[in-house]
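Colleague: I'd like to learn how to read a protein model feature by feature. Could we walk through one together?

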Amino acid sequence: FMPALQSPWFIPHVIVYILAYALLGAATIVATYLLFARTSTPHNKLRLCDHLTALGVACLTLGMLLGAVWAKDAWGHYWTWDPKEIWAALTWSIYLLYIHFRHYAPQHWRTALLLLLIVFVALQICWWGINYLPSAIATSVHVY
């Protein structure tokens, strides 16, 4: 194995991210249901969606922090402008936009749920798609 993968920070970083992806995936499932359900304002399920997203974003935040500590330990610096890191920051930012949008414009819940579906696509690009970018294959520290 690569020395970076033997760092004690690697496993917590990955586990927290997997938990974040599971929570955000569950929020996306609820959001998809709410968008296609024939109901006026589903308060309880919207609240569930918001809580799952908030917990998922908290885990994303912790995962990014653990990743920065791992990167410092493994490569000597916290941030490298790696394609995976950039997409992670972009995805995190859009999830924060969802949280703020729900807080400041709760009446526009359908728009917020559409944003949640869009950001989940960004999350999938971050998780899977980055590995197929030519720039990532050539330079990314996240492609092994």
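Predicted model: local features only at pLDDT ≥ 70, side-chain atom pairs only at ≥ 80, totals over all residues.

Colleague: Okay, let me zoom out. How many helices and strands are in the protein chain?

Modeller: Five helices and zero strands. Reading from the N terminus, you get α-α-α-α-α. The C-alpha atoms fill a box of roughly 55 × 30 × 25 Å along the principal axes. As for burial, 38% of the 144 residues in the chain are buried.

Colleague: Now for helix packing. At what angle do H1 and H2 pack?

Modeller: You look at the axes of the two helices and at the angle between them. Helix H1 covers residues 10–36 and helix H2 covers residues 43–75; their axes are 8 Å apart and the angle is about 160°. Anything over 145 degrees counts as roughly antiparallel, which means H1 is roughly antiparallel to H2. The crossing of H1 and H2 is left-handed. The residues in this contact are 27 nonpolar, five polar and one charged.

Colleague: And how do the axes of H3 and H4 cross?

Modeller: At roughly 165°, coming within 9 Å; H3 is residues 83–104 and H4 is residues 109–127. Sort the residues of the contact by class and you get 19 nonpolar, two polar and two charged.

Colleague: Next, the rings. How many aromatic pairs does the structure hold?

Modeller: For a pair of aromatic rings, you give the distance of the centres and the angle of the planes. This structure holds six aromatic pairs. One of them is Phe 10 with Trp 70: the centres are 5.1 Å apart, the planes are at 55°, and the pair is tilted. Phe 10 sits in helix H1 and Trp 70 in helix H2, 60 residues apart, and the pair links these distant parts of the chain.

Colleague: Last topic, charges. Which side chains meet in a salt bridge?

Modeller: In general, side chains of opposite charge can pair when their charged atoms come close. The structure holds one salt bridge. Asp 50 and Arg 102 make it, with 3.0 Å from N to O. Asp 50 belongs to helix H2 and Arg 102 to helix H3, so the pair ties together parts that are 52 residues apart in sequence.

Colleague: And are Asp 50 and Arg 102 buried or exposed?

Modeller: Both Asp 50 and Arg 102 are buried. Compare that with where you began: Trp 81 is exposed.

How values were computed: Residues numbered from 1 in each chain as written. Heavy atoms only, no water. Axes fitted to C-alpha atoms, helices over the stretch in contact; angles between N-to-C directions. Helix = DSSP H or I, 4+ residues; strand = E, 2+ residues; numbered from the N terminus. Nonpolar A, V, L, I, M, F, W, Y, C, P; charged D, E, K, R; others polar. Parallel < 35°, antiparallel > 145°, perpendicular 65-115°, else oblique. Left-handed = near helix turned anticlockwise from the far one by under 90°. Phe/Tyr/Trp six-rings, centres within 6.5 Å; stacked < 30°, edge-to-face > 60°. Salt bridge = Lys/Arg side-chain N within 4 Å of Asp/Glu carboxyl O. Buried < 20%, exposed > 50% of the residue type's maximum accessible area, 1.4 Å probe, protein only.
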